[in-house]
Amino acid sequence: MEQAVHLDGITKRFPGVVANDDVDLAVEKGTVHALLGENGAGKTTLMNVLYGLYQPTEGTVNVHGETQQFDSPRDAIDEGVGMIHQHFMLVDPMTVTENITLGNEPRKWLGLTVDREQSRQEVSELSERYGFDVDPDARIEDVGVGVQQRVEILKALYRGADVLILDEPTAVLTPQEVEDLFRVLEELTDQGKTIIFITHKLGEAMEAADEITVLREGKNVGTVPADDITREELAEMMVGREVLLDLDRDPATPGQSILDVEDLVVEDDRGVRAVDGISLNVRAGEVLGIAGVDGNGQSELVEAITGLQLPDEGTITYDGVDRTTDSRRERIEAGMAYIPEDRQERGLVMDFDLVENGLLGSQHAADYTSNGRINWDHTRDHAEDIIEEYDVRPPDADAHAKSLSGGNQQKFVVGREFARDPRLVVASHPTRGVDVGSMEFIHDRLNALREAGRAVLLISSNLDEVQSLSDRLAVIYEGEIIDIVDPERVTEEQLGLLMAGQQPDAVPTIAADGEGRQ
Amino acid sequence: MSDDGPSQNGDDPPTPDSDDRWSQYRQRLIRLGQTSVGERVLIALSALVLSIVVGTVIVTVAGLMATCRSPVLTFGSTTLCYDPFYVFNRLFLGALGDPFVGGWSPLNAQFAATLRETTILVFTGLSVALAFRAGIFNIGTQGQLIVGALAAALTVLWAGSLVSGALALVLLIPLGLLAGAVGGGFYGAIPGALKAYADANEVITTIMLNFVAVRVTLYLVRNHFADPTSQATQTRTLPVEGQFPSILFDPRTDFSLLALLIALVFVGGVYYLLEHTAFGYDLRTAGIQPAAAEYGGVDSARTILTSLTLSGALGGIGGAVFVMMTLGKFQTGIPSYGFDGITVSILAGNNPIGAVFAALLFGVLKSGSNVVAFATNVPPQLVGVLRGLIILFVAMPEFFRIIGRRLSTREPDSQATATAGGGADD
């Protein structure tokens, strides 16, 4: 078959970093090709080279059999290469049509004005041709994320793209929207377009792609047909060692209730009820998962529970004591550990070394401070223990937090929080942006805490994560808990509908006390 | 360089790394952000030398353009009025009392004048630095110093009328320092409370309170505490027991080694507070990354209030020392030690120990300027230009270092990959 794209020996160096090291990539015309790798593996850099944003230090770019020299994305677009970035480049108050034709509008009256009628017609023809369900007159700010993504794709197609690069296209989508996207990709390849999509999610690569190329540390580890490979083999290619993806675990033996949240209401900065009357409880020895699309009140719920934001209504009872208005420090001292969703903003002080970061949250605890004086020797030992136990690399307590990779930063935060010997752990997106190896490790630790009889509240938008770790799974939508389901029996489709605020049939719910499954 | 910028395309993201030149500057800034203490000292010294070279050129050009009766050099019709080498010789060596001339003693009057300025600047530098470390820009050290100065003067005058002799000797100076700390601390607590509980920007409030301090002290002294025997707006002279003894140095120099020692004790104290106490940890965390401090259980309102109070107290003690060592009374029109403290703190990278050296440089420049004015015919405005040049040169690397640190904090990977990615792997 004809090759749509052939990258030959691409090396891209930045000062002090080799982002791509002699990478070959061949993509056949009319196929979906997944570019899989962990964060920092060089996927986006490689695609930016193909799209003309970067010029390769060495190597050549061939498109449709011809060697090309792209000095800018304009050159790439002229040769039929389009890219859809992770963050959309759309003008919110303008219509779909205006966004798609922006910069290439059909003109009339000697090019003095835009021919709106023709624009509209061209866009709706294009949309129909590929089976996109897009209203050309809708304003961008009024349509959902999935539609916005299709508008981005249409924009590239309008400019004559034959090869479409999608950078992490599923990061912002619900499971249903992901399904829709994959259908769109299929339609596009049927009509002869070529798709390259960047992802770090194994399942998506296997589901949507015809071929998968794995990058690790800037090198091409191999290209495999998606049908002939298992998840375990792919994970091993990504990480470079064997990875256990599934946890073996015993059924939960929950004890007394540790956290009770009653009718909680939290308003956000604009006075909107981000959390709108949530009640839930977490018992010792169980993991309560909260699934939902980001931005449905998870952050506000977590901040109210951990004491970073005071709720407007409702009560929070922890270990039998009403702690609704307790300060953050009082909650830490009461044995509440919290893995925040943003480790670089909240969880770590980026300019502090690991010794100082190991103290964060414990700076007034008697273990580390007496009469206001910090015992730095003891604090250093503590940090070194975390580094050793949680395999933080490099193993250097004097390293600044900002010099660590995301996975190692997260391992340090997790280690510090678990070292508090907490009765309750609130883990918010504990493996977001973390490599597969660290993720496996963090899951293992969360599970060990549950076995040790601790209560765990796990918030994640990663369905596989909440499904495999939770004993009960609450679905949050627009600040309310829609349902609490049995994670082992609920289907991904049912979860997706619940996350979109709908009520599918025959959902295996669990009563709030955890007893009496339907 | 092959790229002519992707920014020409309206629908593409501007990527900083695509511009090789900008990326090089970035790397250099980030490198500057990671310099060690030794490297920073070396950079500061190089900057000092460079500023003198540039200053020499300026003095020479000015000297060629000026007309004077007895030029230093004459080539035909051109005359050079100022000798740049002599100007810098006076500015630095003069401030130290000519250490390379025979019979030099460190106890000379000019060196005492330098140390006198240094002592006050250590306090104001510490005051600004402490607030800076908590992420607060305290422009109000000047006002806090003025209030502390008046509080110290009035307290010592009042207590001096009650006690005398040996008791006064051991009591009055500590009491004056305490009064300065309380006055300045109170005056720092006002913007502190406004920021902590009413979210008022401290830059605005502290600047405004500086004016309030000047006017209120002027009113109080003129109308209630004026020295009836003087034309100037000032209080009566403090009792001798309430003035710092000039150990070793000539009493006429108005400098006290004891005051300098106290300043150094406070340097150690602030360093200890920042680096070795839980409160200092809270303060630094709140200053560097407020969201993380909140996460770590730091009460941000209390930290803001406490650090501005402490910062004000340090400024107030500076004022007390100025009254009890330099003036011997309170007088309106106090020099701008508080504002100079901001520069001292920036030069020192907000490090309490660095503040000693920055204050010394400032002290040298201040007292050296007087020597230059006395020994040469160079106009004082030109000396001001030279001082500004030196401070600018020494402060700029520190300024760029702060930018470099910001850059490296924002992007831990020097590589522009998709770190903002959404969910984790499955």
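Because the model is predicted, local features were considered at a pLDDT of at least 70 and side-chain atom pairs at pLDDT 80 or more, whereas totals for chains, interfaces and linings use all residues. Residues are numbered from 1 along each chain as its sequence is written, and chains are lettered from A and ligands numbered from 1 in the order in which they are written.

The pLDDT, which is the predictor's confidence in each residue on a scale from 0 to 100, averages 87 over chain A, with 97% of the residues scoring at least 70. Among the helices (DSSP runs of H or I, at least four residues) and strands (E, at least two), both numbered from the N terminus, confidence in chain A is lowest in strand 7 (residues 107–108), at a mean of 78, and highest in helix 12 (residues 354–358), at 96. Over residues 514–518 of chain A the pLDDT stays under 50.

According to an automatic or database domain assignment, chain A comprises domain 1 (3–239), domain 2 (258–335 + 422–518) and domain 3 (350–421). The C-alpha centres of domain 1 and domain 3 of chain A are 41 Å apart. Chain B is divided into domain 1 (53–82 + 377–407) and domain 2 (111–364), and the C-alpha centres of these two domains of chain B lie 32 Å apart. Contact, defined as C-beta atoms, placed from the backbone, lying within 7 Å, joins four residues of domain 1 of chain B to four residues of domain 2 of chain B.

A residue is termed buried if 20 or more other C-beta atoms, placed from the backbone, lie within 10 Å of its own, exposed if 12 or fewer, and partly exposed in between. The buried residues of helix 8 of chain B include B:A259, B:F266 and B:L274, and the buried residues pack against helix 4 (109–133), helix 9 (278–288), helix 11 and helix 13 (352–375) of chain B. The face turned away from the buried side of helix 8 of chain B carries the exposed residues B:L261, B:V265 and B:G268.

Helix 11 (residues 300–327) of chain B, with 28 residues, reaches 39 Å from its first C-alpha to its last, close to the 40 Å expected. Helix 11 of chain B is mostly covered, with 23 of its 28 residues buried, and just after this helix B:G328 takes a positive phi of about 80 degrees.

Notes. Expected span 1.5 Å × (residues − 1). Contact = placed C-beta atoms within 7 Å.
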